[in-house]
Amino acid sequence: MSEAAIEGAEAAAAPAAASALRRSLRAVGRTGVVLAKRALMLAVLLAVVFAAIELLPGDAASATSERGESAADTAARRRLLGLDRPVWERFPDWMTALPTGDLGTSARGEHVTDLLAAPFPNTLLLGATAFAVTLAAALALGCWAALRPGGTADRIVGFASGIALALPEFVVSIGLLLVLSLWTGWLPAVTLTAPDGSPASWTMLVMPVLALTVPQIGWNARIVRGALADQAAAPHVAAARLDGLSPRRVLLRHALPGAWPAIATGAATSTGMLLGGAVVVETLFNYPGLGTVLSGAVADRDTPVIAGVVACTGAVISLVLLCADLVRARTLGARP
Amino acid sequence: MNWTRRQALWAGGGIGAAALLSACGGGTDAASSPADSAGGTPRKGGTLRIGALGRASAITRDPHGVQGNESDYLIIALVYDTLTAPGVKDNTVGRLASAWKPSDDLKTWRFTIAEGAAFHDGSPVTADDVVWSLRRLRNTPAGPGRLPGIKAENITADGKETVVLVSDDANAELPLLTRLSTFVLKKDTADKEVAKAPGTGPFKLDWYRNGNARLLRNDKWHGGQVHLDAIEVTMFESPQAMANALLGGQIDVASNVGAVAARTAASRKDIQLVRRPDDMAMPIVMRTADGPFADVKVREAMKLVVDREAMVKQVLSGYGTVANDILGTGDPAYAKDIPQRRRDLAKAKKLLEEAKFDFSKTYELITTEDIPGLAESATLFANQAREADVKIKVVKQESGAFYDKTWLKGELYTNYWGTNDSVVFFASKTMVTGAGQNEAGWSDSQFDGTYRKVIGTADKKARAAALRELQQIEHEKSGYLLWGMADGIDLAGSKVRNLPKLPGYGRVQFENVWLAR
C-alpha cells in the first residue's frame, strides 16, 4: 500500500469518527430528552396522587387518631403534620425535598425513607424475578407456537394463554396456596422475614413469583406469537423461507429481530401490571414489600408514604419504558 | 380502643380460601378443642413464634406513640412494663407497680414500684424514671386521652420508690388508666434512642426489622419466672395469611386471627382454638340528642326488635355472646343480674305507636367494613326491623368518610370498641354529658350524677351499688343497642400452653406461656 493511500484512508477515517461522535451525541441528547419527559410525567403523576388523596374523605390526622383522642387533640396533630396547610403548599415542599432523597415523614412520625428501605428492594427482587420469568416463558411459548402456525402447539398455547391472562392474581394465588402449600406442604405458605428484612428463604419467593407471572405470561405469549405472525408475512422472512432455511433458523434469525419492538413494548407494560399485582400478591403471601406498605398508607391517607411508593415504582416503570423505547429505536433505526 | 381501620381488601380472597378449605376438610365436630391448654408443669425453654396483625405503613416504635399495629403493641408490651395491667379476677393488677393507695378524697394516688424492678442493662428502676415516662406519655398529642384528668406537673416522685399522681377530680378508678400505655423507659431517653432503649419487661429486644422482631428472655424479670427462651414476632397484614402460616406450621400462635380463620381451622385436630370472650363490642348507636331516636321509647323498641341470638349466630359465626345493652361486659363489676332483654315485637310495636313513630319513612343505618361482620350486623338488623314494620336501609361508608361525616353525628350507625373490660371506661368516654366520644349525643342528669358517685366514692360497697345503678340507667335509656360481644380468637399449635385469656389488650400477655414437649 502506498503512502498516499494510507493518508487517504486516514483522511477518510477522520470524518467517519466525527460523524460517529455526532451520532452518539445525538443519541445521548435524544435519551436526555426522553429522560426529561419521563421525569416530568412522574412529577405530574405525583401531583395527581397528592390531589387524589386530598379528594378522599378524611385525612391522615383523623385516620391515624386514637379512639380516646378528642377533636382538639386531632386538630393539634393535624397542625403537627402540617395538614392544616393547603395541598398546593405541601406538594411543592415535598417535591423540592425529593431530589435530596428526603421523602418526608409518615403520619405516625416515621421517616418514609426508613419505611421503604427494606420493602423497596424486596419488591424489586420480586418484580425483577417475575419479569425475567415472564419474558423467558413468554418468548419460549410464543416461539414454540409460531414454529408451526395452526399446529397443536399453537392451539394449546393460544388457548392456555387466553385463560391465564384472564385469571386475576388473587385467584392464582389461592390456587397455588392450596395446592403447593396447604395440601402438599411443598412450599411455605407465607413469607417470613429474616433479621435483615429480606425473605428468610428463597422458597418463599416461588409462589408470589408464580402468582404474578401466570397472567403476565399469558398476555406476553400472545404478543410474541402475534408479532412473529406479523413478521412471517414480511418479504425478507418469506425470502428466507423460500431459500430453504430451517423453520427454526427463519424464526430466530429473521422473524424474531423484527418482532422485538412489539415484544419489548408488551413486556414494558407488564412492569406496571406486575407492580400493581404485587399489592394483592404481597398481602396474600405476607411478602414484606411495597404493596403492603401502599395498601395501609391509602387507608391512613398518609400522603408522603403513598407518594414515596409512587415515586419509587414510577421511577422503575419509567426506566423500563425507556429501555423499551431504546430497543424500538435501535431496531427500527437499523431498518430505515 | 384503637382497633386498626383495616381495608377489606382481603374479604374476597380470604373467604374464598376458607370455603374451599372447609369444603375439603370434611370438618366434623368443629367445637372440640384438641389439647388442654393449661395442664402440666411448665417446662423451660423453646422459641415461641407468634403472628400478629399489623401494617408496614403504620409501624410505630415509640412505646408512647399511637400504636395502630397489634404486632408493635405486642412487642412493646413484652419489652416494657406498664405500671398496672389488666387482670382476670381484679380488673387492675400490678405490673411495674406492686401497690397503690388513694388519699381520702380519691384525688392523690401513690404507686409503689415493685421490688427488684430493673432495666435490661441492670440499672434499677427509680421513681424518677417512672415520672419522666408518664410525663412523656402525657405530653404526646394523644396524652390527654390516655391519662385524663392528670396534668404532667401533677406526676411527681416521692423518694426512690413512690410515684404520686394527682388527679383534677376524685377518681376511684384511676389505676385503671395506667394499664395500657404507661410504659416505663429510663429517664432522659432521647427520642432517637427510644426504639432501642432498654425496658424492664419479661423479654429483651434481640432485633427488630419492619414490624418483625426477636425477643430474648429476661432472666431477672421482677414479675417472676419466664419460661420461654425467645419469642419471634411476625407481622401479618391479613388474618388469612396468618392462618395459613399457622396451618402450614410456620408460626405457633396466630393472635387475634378472627372467626373466618377459626372456621377454617376448626377441622384440624392439631390446632388449638382459644376464645377470649368480651373482645369486641359492635353496638348500633342511636342518636339521643335529636332526630327520630330522641324518644327513649323508640330506643327501647329498637332494643326489643333485635334478635340477639340470631345476630351472634349469623354475624359472629357463633363465636360470641349475647349482650344486654351495657358496654364494658368484660368488667368483673358488670351487672349480670340485670334481666336479659329479649326480642318482643308486640311490645316494640306498642312502644313505637305510643311514641308516634313514623312508620312510613325509611331510616338509614350507616355502617363500614372496618372490621369483619360489622356491615353484616347492620344488614341483619335491618331485616329484623322489617318484621316490626320499621323500614331501615343500610348505607355502607368508607372508613374515612364515616369518621368524617357520621361518627358522633349520625342518627343511626354501627360502631365498634375493642376495649371492653370497664364499665366506667365507656361511661367516662362515651356517655357522660360532654364526653369526647359521646357517640349518641347522650345527656342524662341521672346518669351523670350516678357516674360522679361511682368515681367519687371510696367505700367499696357504696361504689358497687352506684356502679350497679349506673348500668341499670344505661340499660334502660342510653343510645346504645349492644346486641352481642364478639370473642377474640387466637389459633395455636398443640404444644403451646398457658395462652392469654383476656380480651382486648390482654391478648399480649404471653409472659407465662410455655411449650410442652
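**Notebook: chains A and B of a predicted model**

I take a residue as buried if 20 or more other C-beta atoms, placed from the backbone, lie within 10 Å of its own. Helices (H or I, at least four residues) and strands (E, at least two) are DSSP runs, numbered from the N terminus.

I note that this is a predicted model, in which local features need pLDDT of at least 70 and side-chain atom pairs count only at pLDDT 80 or more, while totals for chains, interfaces and linings use all residues. Residues are numbered from 1 along each chain as its sequence is written, and chains are lettered from A and ligands numbered from 1 in the order in which they are written.

**Helix 8 of chain B**

I listed the buried residues of helix 8 of chain B as B:V298, B:R299, B:E300, B:A301, B:M302, B:K303, B:L304 and B:V305. Their cover includes strand 13 (284-286), helix 10 (345-354), helix 11 (374-386) and strand 18 (480-481) of chain B. Contact here requires C-beta atoms, placed from the backbone, within 7 Å.

**Strand 1 of chain B**

I then examined strand 1 (residues 47-53) of chain B, which is largely enclosed by the rest of the structure because six of its seven residues are buried. Strand 1 of chain B pairs with strand 10 of chain B in the parallel sense over seven bridges; pairing requires that DSSP find at least two bridges between the strands. In strand 10 of chain B, B:I231 is the bridge partner of B:L48. Strand 1 of chain B also runs parallel to strand 11 (residues 253-254) of chain B, joined by two bridges. There, B:G51 has B:A254 as its bridge partner.

Which chain B element gives the most to the side that touches chain A? I first recorded that the contact takes 50 residues from chain B and 51 residues from chain A. Elements of chain B that give two or more residues to this side include strand 8 (203-209), strand 10 (230-236) and helix 12 (399-406). Helix 1 of chain B gives the most, with six residues.

**A helix pair in chain A**

I looked up helix 10 (residues 235-242) and helix 11 (residues 247-285) of chain A, which pack at an angle of about 155° with their axes 9 Å apart. The contact involves A:H236, A:V237, A:A240 and A:R241 of helix 10 of chain A, and A:V250, A:H254 and A:A255 of helix 11 of chain A. Axes are lines fitted to C-alpha atoms over the stretch in contact, and angles run from 0 to 180 degrees between N-to-C directions.

Methods. Contact = placed C-beta atoms within 7 Å. Buried ≥ 20, exposed ≤ 12 C-beta atoms within 10 Å, placed from the backbone.
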